[in-house]
Amino acid sequence: MKTLILSTAIVALTAGAALAQDVVRMGTEGAYPPYNFLNDKGEVDGFERELGDELCKRAELTCEWVTNEWDSIIPNLVSGNYDTIIAGMSITDERKQVIDFTENYTQPDPSAFVAMADASVDLSGAVIAAQAATIQASYVASELPGATLLEFATPEESIAAVRSGEADAVLADKAYLDPIVAEGGDLAFTGENVLIGGGVGMGVRQSDTELRDKFTAAIQSMKADGTLNALIAKWEIGEQF
Amino acid sequence: MSEPGATIFSFCADPSSIDGFEWLACYLTTAKHLSIYWSVGTVLLLLAITAPVALLFGFGGASAARSRVWPVSIIGRSYIAVVRGVPDIAFFLFFVIALDQFFEYLRHQVKCPDWDMPIRQGNDFVVCAAAKLPLGNAPQWMHEVYGFSLAVLTFSIVFGAFAANVLYGAMRAVPRGQIETAEAYGMTQRQTFWRILVPQMWVYALPGLSNLWMVLIKATPLLFLLGVEDIVYWAKELGSTKTSKFTDYPHGDWRMWYFAGLLVFYLCFTKVSEAVLGRISRRLSRGQATAAGEAQRKAALS
């Protein structure tokens, strides 16, 4: 083990002699279609994969994709294990205290409630599942005082909680829920959609202003020439710019 | 939206047109499924490296704890006490990030002496690009090897502390008469330790160590906290609902089946471990002044 670390260090030392081209490591969750998911080949795919690759091309950066669990996605960015978070992360004031965001690349995304198709749910007093540390979870906690919040580490588990009866409904991004409701059969949308968050942006370290500005410029150029709208339409993310 | 990847069987070109066994064969051989098969290797490799290294940490800790030099003894005792007291999950979440930052801090001091910006900038930990470990532009496999090494080191420190306590007890369990006899023969302290105490302590340590081994096997899912993708991560990922929009192999929530597979894997692994540990235990009992050793002696006589 020690030799492993040693040899890694040695390789790193020798390889680092010439800092050829900076690689920007893009951190994502890989479990939130259509934003990001692992395809059949096991590679990161989805709206944000295509978007990120295009942004890197426009900003003339070499990018590499890494996956990280949602729970520890911000601590690992801050300590430098990757350089950006591109994981369907909505821009919120709370997160802004810890990290910086680029300009948003989606509109505030409608979130929706999903319950069993044969159940009638009174959302104001229901048990509502959501992924932990998401805008949906804080929405249930702050805006629905009568409801009970059940948090799960992954969106998949929050859906399973509704199926098992542990929760009455789940609150998540509508774009994520759409295909599940369409193919699930037993689930249906319920209640009104809610608009939460300030749109999705890329998270970067607060000290990385240069990188943030590069990506913001690239996002603006994609907004200007319509390519971003085309991607949003292709992956059915929601509102266009 | 994904194109069919490279497949092993020719009939997998269009998964929507096949069903039954052929569908399953194609499904289980997607590149993504190969990742879970690989991750079995990752877990086994982790165990194979961690177990001896943790034992080494444990041996060091136990020897230090019973040292007659007071500072050494304090170091050994505090290692055992502190690490055993901290919850594993806290250790894996914070210690690893701290360890990584410590290495980078050292490299930073050596490689970038004239860096004028603070390393801690608000929430951020910023070292110069040359001090990054691995370097930002290193290939992905290097990041993975580094992450894996950190995981091995962390597992070894945690399980080493438990092993140290087990070995410490085992060293004290060796009959005093054995040590006295060695001393009477004029052996030095060092000789007594290496020739009398160490060979005899294993039989007392084995039950405790085998417990640790079983716990270690089951602790490997903590790997994902360190960014190493293990079998439990892949079982969760592969088993989760897949809609036809994002895969050629749509299915519902199949996590139960994947976890059932994991259950079988872990049970088999435990069974094999038990058999091996049983053999080791028999081997170690030979000629020992313990009940098991005595039983072996009598069986050989009759």
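The legends below accompany close-up views of a predicted model.

**View 1. The face that chain A presents to chain B.** In this predicted model, 41 residues of chain A are in contact with 50 residues of chain B. On the chain A side, at least two residues each come from helix H1 (2-15), strand S1 (23-28), strand S3 (36-38), helix H3 (73-78), helix H6 (155-164) and helix H7 (174-184), and H1(A) gives the most, with six residues. By residue class, the side of chain A that touches chain B divides into 20 nonpolar, eleven polar and ten charged residues.

**View 2. The two domains of chain A and the contact between them.** The domain assignment of chain A gives domain 1, made of residues 22-106 + 199-234, and domain 2, made of residues 110-195. The C-alpha centres of these two domains of chain A lie 25 Å apart, and nine residues of domain 1 are in contact with eleven residues of domain 2. On the domain 1 side of this contact, the residues divide into five nonpolar, three polar and one charged.

**View 3. The largest nonpolar core.** This core has 63 residues, and those touching the most other members are Val114(A), Ile128(A), Ala129(A), Val162(A), Ala169(A) and Val170(A). Helix H8 of chain A (residues 209-224) gives the most to the core, with five residues, and at least three residues are drawn from each of domain 1 and domain 2 of chain A. Apart from this core lies another, of 52 residues, which includes Leu46(B), Val83(B), Leu226(B) and Val228(B). In soluble globular proteins, nonpolar side chains tend to be buried together.

View 4. Strand S9 of chain A covers residues 127-131, and four of its five residues are buried. S9(A) pairs with strand S10 (residues 148-152) of chain A in the parallel sense over five bridges, with Gln131(A) standing opposite Phe152(A) in S10(A). When residues up to four places away in sequence are left out, Ala129(A) touches Leu150(A), Phe152(A), Ser158(A), Ala161(A), Val162(A), Ala167(A) and Val170(A).

View 5. Pro33(A) and Pro34(A) are joined by a cis peptide bond, with omega about 0°, and Pro34(A) has its place in the loop between strand S2 (31-32) and S3 of chain A. Glu60(A), in the loop between helix H2 (47-58) and strand S5 (62-67) of chain A, has a positive phi of about 55° although it is not a glycine. Glu60(A) counts as exposed because it has 9 C-beta neighbours inside 10 Å, the limit for that class being 12 or fewer. Ala133(A), also a residue other than glycine, has a positive phi near 60° and is placed in the loop between S9 and helix H5 (135-143) of chain A. With 16 other C-beta atoms within 10 Å, Ala133(A) is partly exposed.

**View 6. The fold and spread of chain B.** Chain B contains ten helices and two strands, which follow the pattern α-α-α-α-β-β-α-α-α-α-α-α along the sequence. Its radius of gyration is 25 Å, well over the 19 Å that the globule rule gives for 302 residues, so chain B is more spread out than a compact globule. Along its principal axes, the C-alpha trace of chain B spans about 80 × 70 × 30 Å. Buried residues make up 32% of the 302 residues in chain B, and among its contacts between residues at least 6 apart in sequence, 64% join residues at least 24 apart.

Conventions: Residues are numbered from 1 along each chain as its sequence is written. Chains are lettered from A and ligands numbered from 1 in the order in which they are written. Two residues are in contact if their C-beta atoms, placed from the backbone, lie within 7 Å. Ala, Val, Leu, Ile, Met, Phe, Trp, Tyr, Cys and Pro count as nonpolar, Asp, Glu, Lys and Arg as charged, and the others, Gly among them, as polar. A nonpolar core is a set of buried Ala, Val, Leu, Ile, Met, Phe, Trp, Tyr and Cys residues joined through C-beta atoms within 7 Å. A residue is buried if 20 or more other C-beta atoms lie within 10 Å of its own, exposed if 12 or fewer, and partly exposed in between; C-beta atoms are placed from the backbone. Domain bounds come from an automatic or database domain assignment. The radius of gyration is taken over C-alpha atoms; the globule rule is 2.2 Å times the number of residues to the power 0.38. Two strands pair if DSSP finds at least two bridges between them.
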